[in-house]
Amino acid sequence: MLDKICSDDFMPLLGQTCYLHAAPYPELALQVLAVRQNPRAQNPYLQDNRVPFIVELTADPLTPLVDVVGQLRLPASASTAQKILEDINISRIGTMGRDNQFSYFQLIFN
């Protein structure tokens, strides 16, 4: 299923909340902050037409999560039904000058 996900699946979710479940941690609410395409990362030898992209998310700053694999529940939007992404790898990234009232994460889709 992850190979079928594209940046267009996340665009309607900008500003919305999705939920990550990664045992043994409690469910984590993540707000979709940005979706950035990265066409230069595309492998020219693959037949896949998907443009690689990154989804940036924010969460409560007190979360103990750093890098985990879990289940991400995407809310329904006007154009799509709710989706559940299994075995999603999410990575915490540094604040790097942003508001330190949040913790920042990214999902990378190559």
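# Salt bridges, ring pairs and buried strand residues

User: How many salt bridges does the structure hold?

Analyst: This is a predicted model, in which local features need pLDDT of at least 70 and side-chain atom pairs count only at pLDDT 80 or more, while totals for chains, interfaces and linings use all residues. Residues are numbered from 1 along each chain as its sequence is written, and side-chain values use heavy atoms, with hydrogens and water left out. A salt bridge is taken here as a side-chain nitrogen of Lys or Arg within 4 Å of a carboxyl oxygen of Asp or Glu. Under that definition, the number of salt bridges in the structure is three.

User: How many residues apart are Asp9 and Lys83, which form a linked pair?

Analyst: The side chains of Asp9 and Lys83 meet in a salt bridge, with 2.9 Å from N to O. Asp9 belongs to helix α1 and Lys83 to strand β5 (residues 83-93), where helices (H or I, at least four residues) and strands (E, at least two) are DSSP runs numbered from the N terminus. The pair thus links distant parts of the chain, and the separation is 74 residues.

User: Is Asp9 buried or exposed?

Analyst: The terms rest on relative accessible area, found with a 1.4 Å probe on protein chains only: buried is under 20%, exposed is over 50%, and partly exposed lies in between. Lys83, the partner of Asp9 in the salt bridge, has a value of 22% and is therefore partly exposed. Asp9 has a relative accessible area of 15%, so Asp9 is buried.

User: Which residue forms a salt bridge with Glu27?

Analyst: Glu27 is partly exposed at 44% relative accessible area. The N to O distance in its salt bridge is 3.0 Å, and the side chain that Glu27 meets there is that of Arg73. This pair links distant parts of the chain, 46 residues apart, with Glu27 in the loop between β1 and β2 (28-37) and, in strand β4 (residues 67-74), Arg73.

User: What is the distance between the closest N and O atoms of Glu56 and Arg36?

Analyst: Glu56 is buried, with a relative accessible area of 14%, whereas Arg36 at 42% counts as partly exposed. The two residues form a salt bridge, and their closest N and O atoms are separated by 2.8 Å.

User: How many aromatic pairs does the count come to?

Analyst: A pair of aromatic rings is described by the distance of the centres and the angle of the planes. Rings of Phe, Tyr and Trp (its six-membered ring) pair if their centres lie within 6.5 Å, and planes under 30 degrees apart count as stacked, over 60 as edge-to-face and the rest as tilted. By this rule, the number of aromatic pairs is three. One of them joins Phe10 and Phe53, a tilted pair with 50° between the planes and a centre to centre distance of 6.1 Å, so the count to keep in mind under this rule is three.

User: Which residues do ring pairs link into a cluster?

Analyst: The rings of Phe10 and Phe53 form a tilted pair, and both residues are buried. The rings of Phe10 and Phe109 have centres 5.8 Å apart and planes at 45°, so this pair is tilted as well. Phe10 lies in helix α1 and Phe109 in strand β6 (residues 103-109), so the pair ties together parts that are 99 residues apart in sequence. Through ring pairs, the cluster is made up of Phe10, Phe53 and Phe109.

User: Which residue lies over the face of Tyr104?

Analyst: A charge sits over a ring if NZ of Lys or CZ of Arg is within 6 Å of the ring centre and within 35 degrees of the ring normal. At 4.1 Å from the ring centre of Tyr104, the residue over the face is Arg98.

User: Which residues does Gln106 touch, not counting residues up to four places away in sequence?

Analyst: Gln106 has its place in strand β6, and with a relative accessible area of 17% it is buried. Contact means heavy atoms within 4.5 Å. Apart from residues up to four places away in sequence, the contacts of Gln106 are Ile54, Val55, Asn89, Ile90, Ser91 and Ile93.
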